[in-house]
Amino acid sequence: MRLALAEARAALATGDVPVGAVLLGPGGPEGPVLAAGRNAREASGDPTAHAEVLAIRGAAAALGGWRLADCTLVVTLEPCTMCAGAAVAARVDRVVYGAREEKTGAAGSLWDVLRDRRLNHRPEVVGGVLPQEAATLLTAFFREPR
């Protein structure tokens, strides 16, 4: 999570919402870092440039395929529906997140896409890892005028 927090801080330089993600390879939480991402919607002009999507794309490129079985996605903020859907589609085994997102969270706060029994894949979900550090970054960002 500390690597994901560093990515989130780096997003501030481009005016993007400070969310960071890291995708760990096989081996569970101790697996190698395959890719990292940070929100880049402002930097790239791409509405899909969320930290999780960029990390998933990078990990798929690193592994040479779209199936990210036995991989762990670590993200500072509870994924939205798009990012949760991307994790399901990529067959990520585990999603670990920091702060809850009551307005758009899709890992139990507003929706629960990641554990929806109607889907063909349901990753393990672990929330609340260093939540205060992630929340503090976000709160400070949204206090500043844009």
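Author: Welcome! Contact here means heavy atoms within 4.5 Å. This is a predicted model, with local features needing pLDDT of at least 70 and side-chain atom pairs pLDDT 80 or more, while totals for chains, interfaces and linings use all residues. Residues are numbered from 1 along each chain as its sequence is written, and side-chain values use heavy atoms, without hydrogens or water.

Reader: Thanks! Which residues does Leu114 touch?
Author: Let us set aside the residues up to four places away in sequence from Leu114. Leu114 touches Ala84, Ala87, Val88, Val95, Ala106, Ala107, His121, Arg122, Pro123 and Val125.

Reader: How many residues of β3 are buried?
Author: Strands are DSSP E runs of at least two residues and helices H or I runs of at least four, numbered from the N terminus. Buried means under 20% relative accessible area, exposed over 50%, and partly exposed in between (1.4 Å probe, protein chains only). β3 is mostly covered, and of its 6 residues the buried ones number 6.

Reader: Which residue of β4 is the bridge partner of Leu77?
Author: Strands pair if DSSP finds at least two bridges between them. β3 and β1 run antiparallel, joined by 4 bridges, with Ala21 opposite Val75 of β3. β3 and β4 run parallel, joined by 5 bridges. There, the partner of Leu77 is Ala99.

Reader: Where is Glu101, and with which residues is it in contact, beyond its neighbours within four places in sequence?
Author: Glu101 is found in the loop between β4 and β5 (124–126). Its C-alpha atom is separated by 8.2 Å from that of Cys80, 21 residues apart along the chain. Once the neighbours within four places are left aside, Glu101 is in contact with Leu77, Glu78 and Ser109.

Reader: How many salt bridges are there in the whole structure?
Author: Side chains of opposite charge can pair when their charged atoms come close. A salt bridge puts a side-chain nitrogen of Lys or Arg within 4 Å of a carboxyl oxygen of Asp or Glu. Arg100 forms one with Glu102, at 3.0 Å between the closest N and O atoms. A search of the whole structure gives a count of 7.

Reader: Is Arg94 buried or exposed, and what is its relative accessible area?
Author: Arg94 forms a salt bridge with Asp70, with 3.7 Å between the closest N and O atoms. The pair links distant parts of the chain, 24 residues apart: Arg94 lies in β4 and Asp70 in the loop between α3 and β3. Asp70 counts as partly exposed at 33%. Arg94 is buried, at 16%.

Reader: Which residues do salt bridges with shared partners join into one network?
Author: Asp112 and Arg115 also meet in a salt bridge, 3.0 Å from N to O. Asp112 is partly exposed at 30%, and so is Arg115 at 37%. The network built through shared partners joins Asp70, Arg94 and Glu124.
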